Amino acid sequence: MKIIIGSDHGGFRLKSFLIHALTLKGYEVEDLGTDSGEHPVDYPDFAAAVGRKVVADPTTVGIAICGTGIGASIAANKIAGIRCALVYDGYTARMAKEHNNANVLALGGRTTAEEIALDCVVTWLNATYQGGRHQPRLDKIAALDCSLRSAGK
């Protein structure tokens, strides 16, 4: 499974840690930037890039990181077809996949310790969407994507 990852300056350090740790675990990781934590950049640019790549290739998943993860999750969820979940522990990461079939995970570079973030990612990657009673809810979310596009928004 290929992981697409991107961050702003506030998430750069956590992104770098995750790329290294996930690569050591055998995952293929594509880094969409930013290349430094020194210069301010805009999180919507990187979260949207992650979302677009994941939508273009449904065999991939994404990780979007900013200072808190809040802005990255909001921005990624503006991309039709993305179900981005901001998580903060293994339980929320597992639920993001099992109940919501999240295809992008958002993390806070300034709010989430490295080992907790790694646990979140690995837990999410190893979880399986449960379908069943959850699918009608995801269908409603997909319908929202369609209704917004048809309304020209």
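These are my notebook entries on a predicted model, taken one topic at a time.

**Entry 1: the cores**

I began with the largest nonpolar core and asked which of its residues touch the most other members. Out of 26 residues, the answer is L18, L22, I63, L107 and W124. I then looked up which elements give two or more residues to this core, and found β1 (2–7), α1 (12–24), β3 (60–66), α4 (90–98), β5 (104–108) and α5 (114–126). There is also a second, separate core of 15 residues, with V50, A64, A75 and I79 among them. For background, I noted that nonpolar side chains tend to be buried together in soluble globular proteins.

Setting aside neighbours within four places in sequence, I63 is in contact with I3, I4, I5 and G6, with L22 and V50, and with V104, L105, L107, V121 and W124.

Next I turned to the second largest pocket, which has a volume of about 180 Å³. Its lining counts 14 residues, and V54, P58, T60, R83 and N103 are the closest to its centre. Both α2 (43–56) and β3 supply at least two residues of the lining. By class, I read off seven nonpolar, five polar and two charged residues.

**Entry 2: a buried lysine and a cis bond**

Is K15 buried or exposed? I found K15 in helix α1, and it counts as buried because its relative accessibility is 0%. Beyond four places in sequence, K15 is in contact with I5, G6, S7, D31, G33, T34 and I65.

Two of those partners, G33 and T34, are joined by a cis peptide bond with omega of about 5 degrees. T34 itself sits in the loop between β2 (28–31) and α2.

**Entry 3: two loops**

I looked up T112 in the loop between β5 and α5. T112 counts as buried because its relative accessibility is 11%, with buried meaning under 20%. Not counting residues up to four places away, T112 touches L14 and A117. I also checked T112 against H134, 22 residues apart along the chain, and their C-alpha atoms are separated by 28 Å.

N101 lies in the loop between α4 and β5. Its phi is near 45 degrees, a positive value in a residue other than glycine. I made a note of this, as most residues other than glycine have a negative phi, and most peptide bonds are trans. At 23% relative accessibility, N101 counts as partly exposed.

**Entry 4: the annotated positions**

Where does UniProt place the feature "active site"? The unreviewed entry puts it at C66 and H99. They span 34 residues in sequence, and the farthest two C-alpha atoms are 24.1 Å apart, so they do not all gather at one spot.

I took C66 first. C66 lies in strand β3 and is buried, with a relative accessible area of 4%. Leaving out neighbours within four places, its contacts include D8, Y43, L107 and R110, along with the glycines G10, G11, G71, G108 and G109.

H99 is in the loop between α4 and β5, and at 26% relative accessibility it counts as partly exposed. With the sequence neighbours again left aside, H99 is in contact with Y129, R133, H134 and L138.

Definitions and conventions: Residues numbered from 1 in each chain as written. Predicted model: local features only at pLDDT ≥ 70, side-chain atom pairs only at ≥ 80, totals over all residues. Heavy atoms only, no water. Core = buried A, V, L, I, M, F, W, Y, C linked by side-chain atoms within 4.5 Å. Buried < 20%, exposed > 50% of the residue type's maximum accessible area, 1.4 Å probe, protein only. Helix = DSSP H or I, 4+ residues; strand = E, 2+ residues; numbered from the N terminus. Contact = heavy atoms within 4.5 Å. 1 Å grid on protein atoms, 1.4 Å probe; cavity = no way out; pocket = protein on both sides within 12 Å on 5 of 7 lines; lining within 4 Å. Points joined across faces, edges and corners; volume = space filled by probe spheres on them. Nonpolar A, V, L, I, M, F, W, Y, C, P; charged D, E, K, R; others polar. UniProt positions renumbered as here; feature names shortened; annotations may be inferred.
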